[in-house]
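Welcome! Take it one topic at a time and look up each residue as you go.

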Amino acid sequence: MLYIVLFFLVFSLYLYIVLGGADYGAGIVELFSSKENQRITKKTIYRVMGPVWEANHIWVIIMIVILWIAFPVYYNIIVVYLHIPLTIVLLGVTLRGVAFVFRHYDAVIDNSQLLYDRMFKISSLITPIFLGMVFGGLVGGNITLIETSISLSFYEVYILPWCTVFSVLVGLFFAGLCAFLSSVLLIGESDKHTEHIYIRKSVIATIVVFLLGLITFLYGYFSDHLFIKYFIDNEYSIITIIVSGLLLIPLYNSITRGRRVLSRLFAGLQVFLILFAALLAHFPTIIITKNSSINLLDATAPDSVINALGITLIIGGLVILPGLFHLLKSFKMIKILEQK
């Protein structure tokens with residue numbers, strides 16, 4: 001039953017990166033667009049995101065619940081030592097949601113609309129950056145557990161773990177990945193007159209993600225980051241990244257030809273391979289501290305709790321997933337049956 005719980009944890013993480021990432025990326029795409037394209041993108045985003053933007057956060061809630069119940073040691077480390085970037089993420093999600101609603105439903109068209117637009121775009125960029133910095137903090141090797149040292153300053157315990165060049169690079173990489181996912185998604189949501197806009201943005205975002213990933217990897221390698229060392233030593237992670245690199249060719253072809261189904265499938269596969277390689281590099285000791293690496297499976301909840309949680313997740317999945325599929329299909333966000 002433990003592996004069922006782990007499956008739902010990773011599955012929720014993957015769906016949040018894909019769906020929530022595309023959600024964040026929509027604001028990033030709008031932010032880095034010309035004024036004319038911003039107006040077009042704004043209308044498209046509202047039509048696409050309006051029915052489902054709240055549903056995307058289901059997956060991060062499921063992740064939090066699973067960590068809290070099944071892996072309390074991991075949950076404790078994350079929310080204690082990385083509470084500052086997580087608080088910024090929560091503020092970003094809140095401001096982004098407020099701006100998204102009020103820039104469409106505010107009855108008064110005045111300068112406040114400009115404020116809502118800026119809030120939406122800036123929070124859409126900042127939030128995924130700090131989400132990426134949280135992951136960078138977890139694997140950066142700068143976390144020092146208070147139990148092992150009581151003479152450290154506030155900066156060393158609560159800021160240093162995530163406020164590093166490596167973490168910032170990871171954050172920028174995730175933000176770029178969000179923009180990439182959104183650009184690919186918007187290809188299928190545009191008409192013949194605007195399709196070329198998102199094809200161009202998808203190509204640019206693909207190049208940016210590749211470069212940011214390469215820079216992050218090289219910086220980690222030359223800075224002797226343990227995570228990169230473990231990554232290189234794991235042959236499966238290396239093979240996964242090589243496959244991901246080879247798939248850039250069909251991904252590029254599907255994007256430039258405006259293939260709605262193939263471009264989305266290849267984009268989702270790219271995210272899966274990147275996530276798989278990152279988690280596999282040091283699994284199950286994902287959190288790397290200065291003194292040790294913490295095994296995810298060493299400090300789980302009692303078997304009775306794991307069993308109850310696993311059964312609950314299975315039942316919940318049978319209820320939620322068909323409903324989500326119906327929601328996406330109802331608003332024509334699933335393009336599998338289309339010819340193009």
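Asp233 and Lys229 form a salt bridge, with their closest N and O atoms 3.3 Å apart. Please keep in mind that this is a predicted model.

**Salt bridges**

- Asp233 and Lys229 share helix H10, where they sit 4 residues apart, about one turn of the helix.
- Asp233 counts as exposed because its relative accessibility is 55%, and exposed means over 50%.
- Lys229 has a relative accessible area of 45%, so this residue is partly exposed.
- In the other pair, Asp23 forms a salt bridge with Arg96, and here the closest N and O atoms are 2.7 Å apart.
- Are Asp23 and Arg96 buried or exposed? Asp23 is buried, with a relative accessible area of 4%, and Arg96 is buried too, with a value of 4%.
- The reasoning is simple: buried means under 20% relative accessible area, so a value of 4% puts Asp23 in that class.

**A cavity inside**

- Rolling a probe the size of a water molecule over the atoms shows where empty space is left.
- The structure holds 1 cavity of 30 Å³ or more, and the largest cavity has a volume of about 40 Å³.
- Which residues line the largest cavity? The lining is made of Phe135, Val139, Phe227, Ala278, Leu279, His282 and Ile286.
- Two elements give two or more residues to this lining, namely helix H6 (111-139) and helix H13 (260-280).
- By type, the lining residues divide into 6 nonpolar and 1 polar, with no charged residue.

- A nonpolar surface patch covers about 770 Å².
- Its members are Met1, Ile4, Ile58, Ile311, Ile314, Ile315, Leu318, Val319 and Ile320.
- Which helix gives the largest share of the nonpolar patch? Helix H14 (residues 303-330) does, with 6 residues.
- Ile58, one of the patch residues, is found in helix H3 (residues 58-70).
- Ile58 is partly exposed, with a relative accessible area of 33%. Patch residues need over 30%, so Ile58 passes that cut-off.

**Two backbone details**

- A cis peptide bond joins Phe283 and Pro284, and its omega is about 5 degrees.
- Pro284 lies in the loop between H13 and strand S1 (287-288).
- Asp224 has a positive phi of about 60 degrees, although this residue is not a glycine.
- Where is Asp224 placed? Look in the loop between helix H9 (195-222) and helix H10 (226-233).
- Asp224 has a relative accessible area of 67%, so it is exposed.

**Distances along the chain and in space**

- Ile28 lies in helix H1 and counts as buried, at 5% relative accessibility.
- Ile28 and Ile126 are 98 residues apart along the chain, while their C-alpha atoms are separated by 9.4 Å.
- Leu169 is in helix H8 (residues 165-187) and is buried, with a relative accessible area of 13%.
- Between Leu169 and Tyr236 there are 67 residues of separation in sequence and 23 Å in space, C-alpha to C-alpha.
- His104 is partly exposed, with a relative accessible area of 25%.
- His104 and Tyr116 are 12 residues apart in sequence and 9.2 Å apart in space, again C-alpha to C-alpha.

Technical notes:
Residues numbered from 1 in each chain as written. Predicted model: local features only at pLDDT ≥ 70, side-chain atom pairs only at ≥ 80, totals over all residues. Heavy atoms only, no water. 1 Å grid on protein atoms, 1.4 Å probe; cavity = no way out; pocket = protein on both sides within 12 Å on 5 of 7 lines; lining within 4 Å. Points joined across faces, edges and corners; volume = space filled by probe spheres on them. Nonpolar A, V, L, I, M, F, W, Y, C, P; charged D, E, K, R; others polar. Patch = residues over 30% accessible without salt bridge, like charges linked within 9 Å, V, L, I, M, F, W, Y side chains within 5 Å. Areas by Shrake-Rupley, 256 points an atom, 1.4 Å probe, with all protein chains shown as cover. Salt bridge = Lys/Arg side-chain N within 4 Å of Asp/Glu carboxyl O. Buried < 20%, exposed > 50% of the residue type's maximum accessible area, 1.4 Å probe, protein only.
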